[in-house]
Amino acid sequence: MVRLLFFIAISLYLISNIYSHSIIEILLSLAAFLAVVWSIATVGKIVLTFGIFFLAAGFLMLYSSGTSWGEYIFAFGPMMNLLTLFALIPILALPIKLGGYANDVEGVIRKKVKSKDQLYMVSSGTSFFLSSFMNLAALPMTYYSIRPSLNSFPIQDKERFMSRSITHGFAMPVLWTPVTPIVGVVIEMTGVSYTGVITYLVPLSIVGLLLDWFMAKLHIRRNDGSVNKEEAETKQQISATLEVSQEKSHARLLHIILAILLLNIVVMITEYFFELSFIFTISLLVIPFSLAWAVLLKKPKNFFEGLKGHFSTHLLKMKDQFFLFLSAGFFISAINMSGMDQSINKVIESLVNSIGIQFVLIILPFIPLLFAFLGLHPAVTFVLVVEALNPDVLGISHLLLALMMLGSAVPAFLMGPYNATIGVMSNIVEKPPFQISNWNISFCAVYFVLLLTALQIGHVLI
């Protein structure tokens, strides 16, 4: 029943964006409300705690403001755009799996990589590359493509090596890739254009990747001193193995590069010519784009089988997300419907006047990280923060607010022990989430310095 409600809610959201009608809006709100009620008994304790808080706080705000009981139901549903994106984005991984691109990645590594720092760069770079198109699916794809190659290198803690390289590379495209729900949320909430955002964030993500490589190289050099005898012998073994291995064609990896470029171009063109929301545009493109790729691979039948399996299993796994996000959406709607947003803006305005905007720009990027440790997904935090903040009150541009929110997503994903990034990586390397988080502390600390510096410069220039 829960899975059916989720599917109905997603379908109604898509229909409401194509054909707007009051009946559809009512049905969407009702489906969202029922999805919350039916999910209560199935979600985890942390999610239940946050969800009940959002629902109770929203109810109290609506009740104290004298909102009629009939209006309560319309407070549900605002987060269906984000949940639809969460539900559909993993479909983009189907062509990657059907094409068997992981084998080509492993072949490249065995041919080209000769040292540990090079291997780290390849692992981090591959994760960066795949994350820009596959989102969470990039984590297992990168790990299982590269992990076998580590046996040819004298690395003491192989799982730590893989976890750091993969998660650091994965987090950088979160700043700008259209397949990341965070990007859609921030762009839609702040009203900035996608083209304007990527102009600043793509260079920042590349600098972040280079920073990760530099720190990793220093760490490896500090521990090893120089290339030791064991690693030199390993190089000879790899070379001998490569001489007898079959030649593989790695040109197929260009398929993924072209797909990433094509998807971004299609999104920008659609955004320019049609008045569609960014999140709806991505949600609308996912299935036809993935199907077209599968057709080029001559595997449309396998694609539809995978699509059926996705909707059979993935929606049920999203029960925690549906309950938490829809509860947060109710809370946000209650803030606006009760007039509480005006009071929040006054408090923020007085705070800015007291401490100054430069100090505010230092504090705000830490908020998503703080809430990530409390179990709140960065996407929910961003919606709450952006709803509460008025850039005009803060004295900053909407673009700078968008850059600040997206930039602060990186530490939240890398260190939040309850988010999907840490959770997936924890399951892959079979280490506790808090250990994965601790491995990322040093990089996040340096990254924060980079981000805060960029924001101060941006405040002057933008």
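Predicted model: local features only at pLDDT ≥ 70, side-chain atom pairs only at ≥ 80, totals over all residues.
Two salt bridges were counted in the model. In one, the side chain of aspartate 117 meets that of lysine 217, with an N to O distance of 3.9 Å. This pair links distant parts of the chain. Aspartate 117 belongs to helix 8 (residues 116–134), and lysine 217 belongs to helix 12 (residues 194–224). The two residues are 100 residues apart. Aspartate 117 has a relative accessibility of 13% and counts as buried, because the cut-off for burial is under 20%. Lysine 217, at 35%, counts as partly exposed.

The other salt bridge joins the side chains of glutamate 159 and arginine 147, at 3.1 Å from N to O. Glutamate 159 lies in helix 10 (residues 158–171). Arginine 147 lies in the loop between helix 9 (138–146) and helix 10, so the pair ties together parts that are 12 residues apart in sequence. Glutamate 159 and arginine 147 are both buried. In general, side chains of opposite charge can pair when their charged atoms come close.

Helix packing was examined next. Helix 1 (residues 2–18) packs with helix 16 at an angle of about 100°. The axes of these helices are 9 Å apart. Helix 1 is therefore roughly perpendicular to helix 16. On the helix 1 side, the contact is made by Arg3, Phe6, Phe7 and Ile10. Helix 16 contributes Phe311, Ser312, Leu315 and Leu316. By class, this contact has 6 nonpolar residues, 1 polar residue and 1 charged residue.

Lysine 298 lies between helix 15 (278–296) and helix 16 (300–317). Lysine 298 has a positive phi of about 65°, although it is not a glycine. Most residues other than glycine have a negative phi. Lysine 298 is exposed, because its relative accessible area of 74% is over the 50% cut-off.

Helix 17 spans residues 319–338 and has 20 residues. From its first C-alpha to its last, helix 17 reaches 28 Å. This is close to the 28 Å expected at 1.5 Å a residue. Glycine 339 follows helix 17 and has a positive phi, near 85°.

Technical notes
Residues numbered from 1 in each chain as written. Heavy atoms only, no water. Helix = DSSP H or I, 4+ residues; strand = E, 2+ residues; numbered from the N terminus. Buried < 20%, exposed > 50% of the residue type's maximum accessible area, 1.4 Å probe, protein only. Salt bridge = Lys/Arg side-chain N within 4 Å of Asp/Glu carboxyl O. Axes fitted to C-alpha atoms, helices over the stretch in contact; angles between N-to-C directions. Parallel < 35°, antiparallel > 145°, perpendicular 65-115°, else oblique. Contact = heavy atoms within 4.5 Å. Nonpolar A, V, L, I, M, F, W, Y, C, P; charged D, E, K, R; others polar. Expected span 1.5 Å × (residues − 1).
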